[in-house]
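This report examines selected helices and strands of one protein. Please consult the sequence and the 3D view while reading.

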Amino acid sequence: MMLGACLFAAGAWLLQQQASLPGVAGTVVLVPLLLAGVHWRARRERVLRGCARACLGLACLVAGFEWAALQAHWRLSDALPERIEGRDVRVRGEVVSLPVRASRGWRFEFEVERTLAAEGHVPRHVLLTMLDDPGDQAEPGSVPVVPGEQLELTARFRRPHGTANPHGFDVEARLLEHGIRATGYVRPREPVRRLGVSAWNPMRLIDRWRLHIRERLQRVLDGSPESGVVVALAIGDQQSIPRERWQLYTTTGINHLVSISGLHVTLFAVLAGWLARRAWRLFPRAARCFPAPDAGAWIGLAAAAAYALLAGFAVPAQRTLWMLGTATIAGRVRVLVDPWDVLGIALATVLVADPFAVTAPGFWLSFGAVALLVFSGGAERSRAAWWLRWGRAQWALFLGLAPLLLALFRQVSLVAPLANAVAVPVVGTVVVPLTLLGAVVPWHWPVRLAAGVLELLDVFLRWLAALPLATYVQHAPVWWSIPLALAAAAWLLLPRGFPSRWLGWLGLLPLVFVRPDAPPAGHADVTLLDVGQGLAAVVRTQSSTLLFDAGPAWTADSDSGGRIVVPYLRGQGITRLEMLVVSHDDRDHTGGVASVLAAVPVSTVLTSLPRASPVLSGAGRVLRCAAGQSWSWDGVEFQILHPAPGAAGPGGRDNARSCVLRIVAGSDSLLLPADIERDSEQALIAAGAPLSSTLLVAPHHGSATSSTERFIAAVSPEAVLFPVGYRNRFGHPHDDVVSRYRERGILMVRTDDAGAVSARIGGGDWSLDRFRESRPRYWRAPAGRR
């Protein structure tokens, strides 16, 4: 069973790696494979029985691939027409999720039942943001909509689109996983008609119950730093957990405990079943009709189902519920079931219900953790002391999940075994029961006690996080080293006495020591990251790295520095920056600076900002950029062309003070002019600055106030790169600017279309690598669409 489920999962995963969505013709081979497998399995010949296993295994692989393809065809067919993007559309529908707080309003999923105008089709499942109304007299923080509420509203939609970068988070894949085929916001000046609340939809009733619990817990713990964690443990809503708390849990390797993990559901089911069994024995007549062990098992399963639904029914909760259900049924009918079969049934059930679950990291970590426990537990002797079994389980989880964690997140906590040894029993047996008790009873003390226990736990975790080498961070492993490391970890976890177990350590070495290649001397790798409407460019020589700007900030807790730039640097194996250039004081260039300074050591910051600027609060050595500055790394020349010396002080327009950087590698060159406009362009030409460059990053994102004819002629680039956001409100790049470059036959590439753009300069034969083109996926808009 487990092998078939794994092959089904492999088929579903393989579909998600396709550049284009294939047809479903592969289903025609399923029936012959299944018939041949069943027929040969009944034969006695060993060869035929081997062929039967091969046919059935191949059938499972094809079934997983084709089932995922069918689901993908169905989801992608419900698309938003391009002509509707950016237009107001009146729709009627229902709120189908828990509203969560966004930066300037509330975000919720909306099921469109009807489009009330002739604009065209709107996908059924969309994600909407309702912006805050400054004139609203409602209590601050109050939720404007509730799950199940029927609304008629006017919204402006766009197709699913996110930034596309190496080692970055794929927003489009996540939206597809949740079946969301358009995003948008409610137009604030248009009326919203409230048509009532769905009274009998069971899922909406559960969501409203979750909303009530969230609001109650937040009121009880108002101002407590543990409020977000308690809410997450109760209903699975992690939006309120502060950023620094997430960082603490990630560093210590217990972030799985603040989501609704399978461990929480299991412990709660065991506790509920034990209490039910004890209580059942108090009623002898009931116990004679229905044995107390059976009653406790079924009540424990019901408690697990209730908790899983309350928590949002995420993949770890689903996996646990199906495993508990299988074990409960088998136990009641007195059938001995192999743990691998139980895990296989849960795996197949989750993927049949949602084949897109394979795109979520939690899927692999949840099933991988249980598989490791089953695998390592099979070699354990039941006579071993409990603390020894517990320690071996923690070692198995650490060793077996490390390759997955490095592949998914580029880091692994080295203090995780010790942190989990304390946090798992504390959270699972104390905090979670207190939290759930406080969620259903009118008393406040259980919730406050749970928060107090978490505060004490945090003291211990902060001590662990402060230890040297608490977290190991590295580059993105090459693809072939990941399965090799997983096999090596399994080899190391074989029973003691198994020959040559030490060979497993050799299998782990490529995961760590096979690193991305650095450019040779005299060459430079240039990557213009896709940060939306903003700028962030990484320039890497053989031994040094420069970051030019760090992109925008989106909210107080989210910016491109932490979400895009730092993951890219880590994935490339870049552990420090020799220089960070902060060109000028615009939020779309400086928003990610704080996150970069906090995560990566920076030798020097070169900027036009004053040293006292809050943007530079975490910086060490800071220098003012001025024309005439130059330096050389590994045979690559760097030149500052603007602003003029003494012109970088306060006053004037920020754009006019932008640092302009020219990089020369052999016969190739790159010009980074930041946000200079026509006056600065003319000043550079008048000063005789060496502007001629092979590659040009368009000044001011291609605005109408930049890229004059004289400037383009002076630079004479072979290609121009536009760092712009998808459907940005500024209209960048401007049509007139695009026409100027097109008339000269200059290659134009936009980050909103191509994703991150990379090139190696220095050899005279440069070429551009467009991330969406070189790593295509069927759900992404292809490069060259515009």
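## Strand β25 and its partners

Strand β10 (residues 524-528) and β25 run antiparallel and are joined by 5 bridges. Helices (H or I, at least four residues) and strands (E, at least two) are DSSP runs, numbered from the N terminus, and two strands pair if DSSP finds at least two bridges between them. Within this pairing, valine 526 stands opposite alanine 759 of β25. Strand β26 (residues 769-770) also runs antiparallel to β25, joined to it by 2 bridges; here valine 757 stands opposite arginine 770.

Strand β25 (residues 757-761) has a covered face formed by Val757, Ala759 and Ile761, while Ser758 and Arg760 lie on the uncovered face.

## Basis of the model

The model is predicted: local features need pLDDT of at least 70, side-chain atom pairs count only at pLDDT 80 or more, and totals for chains, interfaces and linings use all residues. Residues are numbered from 1 along each chain as its sequence is written, and side-chain values use heavy atoms, with hydrogens and water left out.

Strands of a sheet pair through backbone hydrogen bonds, either parallel or antiparallel. In this structure, 7 strands form an open sheet with mixed pairing, in the order β18-β19-β20-β21-β22-β23-β24. Its edge strands, β18 (630-633) and β24 (747-750), each pair on one side only. From one strand to the next, the twist averages 20° (axes are lines fitted to C-alpha atoms, and angles run from 0 to 180 degrees between N-to-C directions).

β18 pairs with strand β19 (residues 636-642) in the antiparallel sense over 4 bridges. Serine 630 has glutamine 639 in β19 as its bridge partner.

## Helix α7

In helix α7 (residues 243-252), the buried residues are Arg245, Leu248, Tyr249, Thr251 and Thr252; buried means under 20% relative accessible area, with a 1.4 Å probe and protein chains only. These residues cover an arc of only 160° around the axis, which puts them on the same side of α7; the arc is that of the directions from the helix axis to the C-beta atoms. Glycine 253, which follows α7, has a positive phi near 75°.

## Helix α12

Helix α12 (residues 339-353) has 15 residues, which should span 21 Å at 1.5 Å a residue; the end C-alpha atoms are 21 Å apart, which agrees. The expected span is 1.5 Å times one less than the number of residues. Among the buried residues of α12 are Val342, Leu343 and Gly344.

Methods:
Buried means under 20% relative accessible area, exposed over 50%, partly exposed in between (1.4 Å probe, protein chains only).
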